[in-house]
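Here are a few exercises to work through with the model open beside you. Try each one yourself before reading the solution.

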Amino acid sequence: MHELILHHYPTSPFAEKARLMLGFKQLSWRSVMIPPLMPKPDLTALTGGYRKTPVLQVGADIYCDTALIARRLEAEKAAPALFPEGQEFNVGLLAQWADSVLFQHAVALVFQPESMALRFAKVPPEFAKAFAADRSALFSGGTSTRVPLEQARHQWPALMGLLQQQLQREQGDFLFGEPSHADFAVAHCLWFLRGTPVTSPLVDDYPEVAAWLGRVLGFGHGSLSEMSSEQAIAIASEASPAALPDEAFSDPNGFVPGQAVSIAAVDYGVDPVQGELVFAGRDELILRREDERAGTVHVHFPRLGFRIEAR
């Protein structure tokens, strides 16, 4: 059985979401540090060009997007559940809202000049300039649009009010009573805001939300040990992809098994990954691709939020 390998960097909010889910599941995993900026040649050897963070590797299978990573972790260890029985729809819908709407508001607030000045106070000016250019490229070409800072400030109390109301009405300590994927999807956005004293009051001024966030962060990150990117690539090269899901291939737009396609996110980070479409299920798409360093890999994407195009 292959180890869980997370490719990430410390300050990535979505990586924090994945790390917390690993902690919640009490899983052991290997940590591979990747650059926060492009290029990322070792990661590209595995993904074929997908640039968002984090990426989960299990042998020669590469999982993109934390929504799909959550489902892969659920398959790895069923309990405690990220998708509690009877709450799957509510959990999935709130997580999707948090990863898009709430996250975009958090980005606008974090990227305000006063906040960024503190975040980059101890780094060379050249890095700050490169970071700004990289994030501009990341958010270009997709459907996602930046929330203006004034609008994010204006709407933030309403968003926090909704969270406070949900927490007040549940009998348990989490958004749906017991912990779920939704808690981690919301938490990473607020963790991001906690990064500087400029934005931390946007969380700490809401006591019930702040207390809930402390409980979520209290799950920690599980048991991890470091691994180099070269080691991770070698593991992929020496492994074979896992068997495809036991589900009929079904694509409403007529794509067929073995077809040469590209798959890309639709919101931001829209760099396409090219390969052979080997699986299209209700929730998941899988591309088979060859890399001179990583060998044969299967790159997994969620159906929601991604598009397929013929090559």
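This is a predicted model: local features need pLDDT of at least 70, side-chain atom pairs count only at pLDDT 80 or more; totals for chains, interfaces and linings use all residues.

Residues are numbered from 1 along each chain as its sequence is written, and side-chain values use heavy atoms, leaving out hydrogens and water.

**Exercise 1. Cysteines**

Work out how many disulfides the structure holds.

Solution. Start with the cut-off: a disulfide is a pair of cysteine sulfur atoms within 2.5 Å. Now take Cys 64: the nearest cysteine sulfur belongs to Cys 189 and is 20 Å away, so by that cut-off Cys 64 is in no disulfide. The count for the structure is 0. Next, check burial, where buried means under 20% relative accessible area, exposed over 50%, and partly exposed in between (1.4 Å probe, protein chains only). Cys 64 counts as buried because its relative accessibility is 0%. Cys 189 is buried too, with a relative accessible area of 0%.

**Exercise 2. The nonpolar cores**

Find which residues of the largest nonpolar core touch the most other members.

Solution. First, the term: a nonpolar core is a set of buried Ala, Val, Leu, Ile, Met, Phe, Trp, Tyr and Cys residues joined through side-chain atoms within 4.5 Å. The largest one has 63 residues, and the ones touching the most other members are Leu 73, Trp 156, Leu 190 and Trp 212. Helix 4 (residues 88-110) gives this core its largest share, 11 residues. Helices (H or I, at least four residues) and strands (E, at least two) are DSSP runs, numbered from the N terminus. Another core, of 28 residues, lies apart from it and has Tyr 50 and Phe 255 among its members. As a rule, nonpolar side chains in soluble globular proteins tend to be buried together.

Then zoom in on Trp 156. Contact means heavy atoms within 4.5 Å. Beyond four places in sequence, the contacts of Trp 156 include Leu 102, His 105, Leu 190 and Tyr 206.

**Exercise 3. A helix pair**

Decide how helix 8 (residues 181-193) and helix 10 (residues 207-217) cross.

Solution. Axes are lines fitted to C-alpha atoms, for helices over the stretch in contact, with angles running from 0 to 180 degrees between N-to-C directions. These two come within 10 Å and cross at roughly 110 degrees. Angles under 35 degrees count as roughly parallel, over 145 as roughly antiparallel, 65 to 115 as roughly perpendicular and the rest as oblique. So helix 8 is roughly perpendicular to helix 10. Among the residues making the contact are Phe 184 and Leu 190 of helix 8 and Trp 212 of helix 10.

**Exercise 4. Arg 135**

Is Arg 135 buried or exposed?

Solution. Locate Arg 135 in helix 6 (residues 125-138). With 9% relative accessibility, Arg 135 counts as buried. Leaving out neighbours within four places in sequence, Arg 135 contacts residues including Tyr 9, Arg 51, Phe 111 and Arg 146.
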